[in-house]
Amino acid sequence: MATAVGTVGHTHEESTVWKWLTTVDHKKIGVLYLVTGFAFFLIGGIEAVLIRTQLAVPNGTVLDAGLYNQLFTMHALTMIFLAIMPMGAAFFNYFIPLHIGARDVAFPRLNALSYWVLLSGGLILTSSFLFGEAPDGGWFAYAPLTDETFSPNKGLDFYTVGLVVAGLASLMSSLNFAVTIINMRAPGMTMMRLPVYMWMTFVVAFLLILSLPVITVALLQLYFDRNFGTHFFTPGTGGDPILWQHLFWVFGHPEVYVLILPSMGIVSEVLPVMSRKPLFGYTAIVMAGAAIGVLGFGVWSHHMYTTGLGTVPQYVFSASTMAIGVPTGVKVFNWLGTMYGGNIRMTTATYYSIGFIALFTIGGISGVMHASPPVDGQHQDSYFIVAHIHYVLFGGAIMGIFSGLFYWFPKMTGRLLDETWGKIGFWFLFVGMNLTFFPMHFLGLAGMPRRIYTYDADLGWDTWNFVATIGVYILVVGILLFMLNVFMTLRKPATAGDDPWGGATLEWATSSPPPEHNFDVVPVVRDRDPLWYNRDHNIPMPERPAHLHIHMPPPSYFPLVLGIGILLIGVGALSSLAITALGVVVAYYAVWGWALEPTE
Amino acid sequence: MAAAHAETQHHTTTGIDNRKLLMWIFLASECLFFGSLISTYLIFRGDSIVGPLPADLLDIPLTSTSTFVLLMSSLTMVLAVFGAQHNRLGLMKGMLLATIVLGLVFLGFQVYEFRHFAHLGLNLGTNQFGASFYLLTGIHGTHVGVGVLYLASLLVASARRNGLGKEAALHVDIAGLYWHFVDIVWIVIFTLIYLIP
């Protein structure tokens, strides 16, 4: 796994490197996403550890205020856009075709391009540290803090350009996934037979397709404000700082569901298999996911109660925010109902799924609290909100991703991760996570504001801050144990077999890891749990034909070239027009080559 | 930008070609993109502290002319798709060329308009009208420009020995979807900025 992106600079094994650079195989691209996302997860984790180390004791001196601002901004941006989203996209890439019974996604080369553009966006954002000018206005980048007067260095330009580029990558992959799920399903795989994970993927794709353009416009306007003298968000000629908040959160709130729905999907796959009974209330959980997708566009202003929206908007957004808690609650009961009466196997994946339900429920409940404007007004910008988002994003999204990693690792590599060490690692993560983030509820209620780089000793915040910092080091041990587990497992022979868990969905009907063409014979789907149906009705696996006449799209270097063109356009937007022009030329060349390249 | 296709067989679950479906969903995304820009313009309507104001600058007869040009380009685009679908390649190429020329004429009008407004003192930083007007119409113009490049690429490719290949009709059809969308957006922009005072 580690060779995926790390060895690009070395030439001793050029053919392998070239294979990864030109691959259009959704499984290889999925692995690229996973390794990249995990690497950025580690970078974001280091930023978090530095932040907590600074806050361990009153009047900490590890970081100065400027660097602290850069670190909390980059921690959020890295974790949201470069870690959780790519790790989600990694599983999307790997399992969409396997789940729906297709040979690849609808647009294999576009898929490769999405990855290279995402990597470009990540490099642009992260490279800002090399210039000592990382974005420092918070991930929300509220005006007028982002004005040239208050943020004179290039940090926020790295922010606008990096996010536009990363957003372009997400848009392209979402278009690709939406078309794939609509159009590439195996015979018999109707929409209401799709695995729940596919439904969540589908909802996420549309959330991104419809919300990314809004943030792109806001980022363009911010870029114009900072570079071309407009005043969209600053009072100069009558601009409106609140407009930024609206545009940002019209994207930002659907984005929250973009982060959590994939993990909800993973848990919905893991629990039925580990409980050895079908998912409880399939239709309800699918409709709940779709409802979250729709309502997700109608709740953004609950981030903005304290801006003085007026009474009626507060009522409306308060009601819609409480409403979105209902489908979320429905899902929790679906998962509990799935486990109830089941013959549950307590694997590490099960541990993480149950951990997800418990911690996400805590985060969900503290979220619904803020549907009430008076409560929200008390908690706004306090550590209570930090506690809430981390219960949702770490307790929710990350726990789900780890559940998926343990569940699907045998499919992706042919090897089962070590269960004992996996469970020990789970307890480190679970305890560390709660020790880090639960005290933040108390800190917030005791009045500790977010985003302060230090605090005095006589405010009564010492104890819980110290506990939270101990918690983060326990978390680090949990992450290191996981990495060690992966490393040791990859050295062992691939003995997991095709279907170690007795899975219900189509990915378990092919070899581990799957061949490039996924299925020797495209499966026919007769039920929501196709493999269990075939098992219970004694329908044998289709025989492998003597000769496979399967044509897969050949590798192509044009996605990489187009990705480089887009990277150059981005770099040019931060430096000089000449580089942008060069980027446009490279991109146009790549589009021509792409269009004329034979794929048949 | 003809995108890749996973398999040589053209069977899809819905029967719609993947590339055409991609364009439709992409246009849904574009609706939100232009929706945000248009909202910004409407929010800032009347918020300009200093002039020049829209009433001082907007020349409705002139822009009506350029709007007519762009609308006619939709007609020629339809004829180009018709030509491609009925294997009348001469018609297709001629109408593609006509669409490109009409698109360029529209862009010419826009360049003239921008220069004229700048000459009268409206710049990006002058007031809220300047900022939101230039960004909205400028990005629309960029879309027209990309469309011209897209159609020109198709026209050049169709001059090759095997033309646009056996899927010529599909390629032109998808380009047409994009072109008509950009046209429709202009009708909304023209109505909101120019016609409704």
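A:Asn538 sits in the loop between H16 and helix H17 (558-574) of chain A, where helices (H or I, at least four residues) and strands (E, at least two) are DSSP runs, numbered from the N terminus. The model is a predicted one, in which local features need pLDDT of at least 70 and side-chain atom pairs count only at pLDDT 80 or more, while totals for chains, interfaces and linings use all residues. Residues are numbered from 1 along each chain as its sequence is written, and chains are lettered from A and ligands numbered from 1 in the order in which they are written.

A residue counts as buried if 20 or more other C-beta atoms lie within 10 Å of its own, exposed if 12 or fewer, and partly exposed in between, with C-beta atoms placed from the backbone. With 6 C-beta neighbours inside 10 Å, A:Asn538 is therefore exposed. A:Arg276 likewise has a positive phi, near 55°, and belongs to the loop between helix H8 (241-275) and helix H9 (282-295) of chain A. As background, most residues other than glycine have a negative phi, and most peptide bonds are trans.

A:Ser512 and A:Pro513 are joined by one, with omega about -15°; A:Pro513 is found in the loop between helix H15 (462-490) and helix H16 (530-536) of chain A. In chain B, a cis bond links B:Gly51 and B:Pro52, with omega about -5°, and B:Pro52 lies in the loop between H1 and helix H2 (54-57).

Helix H4 of chain A covers residues 65-100. The expected span of a helix is 1.5 Å times one less than its number of residues, so the 36 residues of H4(A) should span 52 Å, and the 50 Å between its end C-alpha atoms agrees with this. H4(A) also carries a kink of about 35°, centred on A:Met79; here the bend at a residue is the angle between axes fitted to the seven residues ending there and the seven starting there. Because 31 of its 36 residues are buried, H4(A) is largely enclosed by the rest of the structure. Just after this helix, A:Gly101 takes a positive phi of about 75°.

Elsewhere in chain A, A:Arg415 occupies the loop between helix H13 (383-413) and helix H14 (419-445). A:Arg415 is buried, with 21 other C-beta atoms within 10 Å. Two residues are in contact if their C-beta atoms, placed from the backbone, lie within 7 Å. Leaving aside neighbours within four places in sequence, the contacts of A:Arg415 include A:Phe409, A:Pro410, A:Thr489 and A:Lys492. A:Gly497 is 82 residues away along the chain, yet its C-alpha atom is separated from that of A:Arg415 by 8.1 Å.

The domain assignment divides chain A into domain 1 (15-540 + 550-556) and domain 2 (557-600); such bounds come from an automatic or database domain assignment. Their contact takes 16 residues from domain 1 and 14 residues from domain 2. On the domain 1 side, helix H2 (14-22), helix H5 (108-127) and helix H6 (155-183) each supply at least two residues, and H5(A) gives the largest share, 7 residues.

Chain B comprises 6 helices and 0 strands, and 39% of its 197 residues count as buried. Its C-alpha atoms fill a box of roughly 60 × 35 × 25 Å, taken along the principal axes. Between the chains, 35 residues of chain B are in contact with 41 residues of chain A. Helix H1 (18-43) and helix H5 (128-158) are the elements of chain B that give two or more residues to this side, with H1(B) providing the largest share, 14 residues. This side of chain B divides into 19 nonpolar, 13 polar and 3 charged residues; Ala, Val, Leu, Ile, Met, Phe, Trp, Tyr, Cys and Pro count as nonpolar, Asp, Glu, Lys and Arg as charged, and the others, Gly among them, as polar.

As for confidence, the predictor gives the complex an ipTM of 0.93 and a pTM of 0.93. Chain B averages a pLDDT of 90, and 95% of the residues score at least 70; pLDDT is the predictor's confidence in each residue, from 0 to 100. Over residues 1-9 of chain B, the pLDDT is below 50. Where pLDDT is low, the predicted coordinates should not be read in detail.
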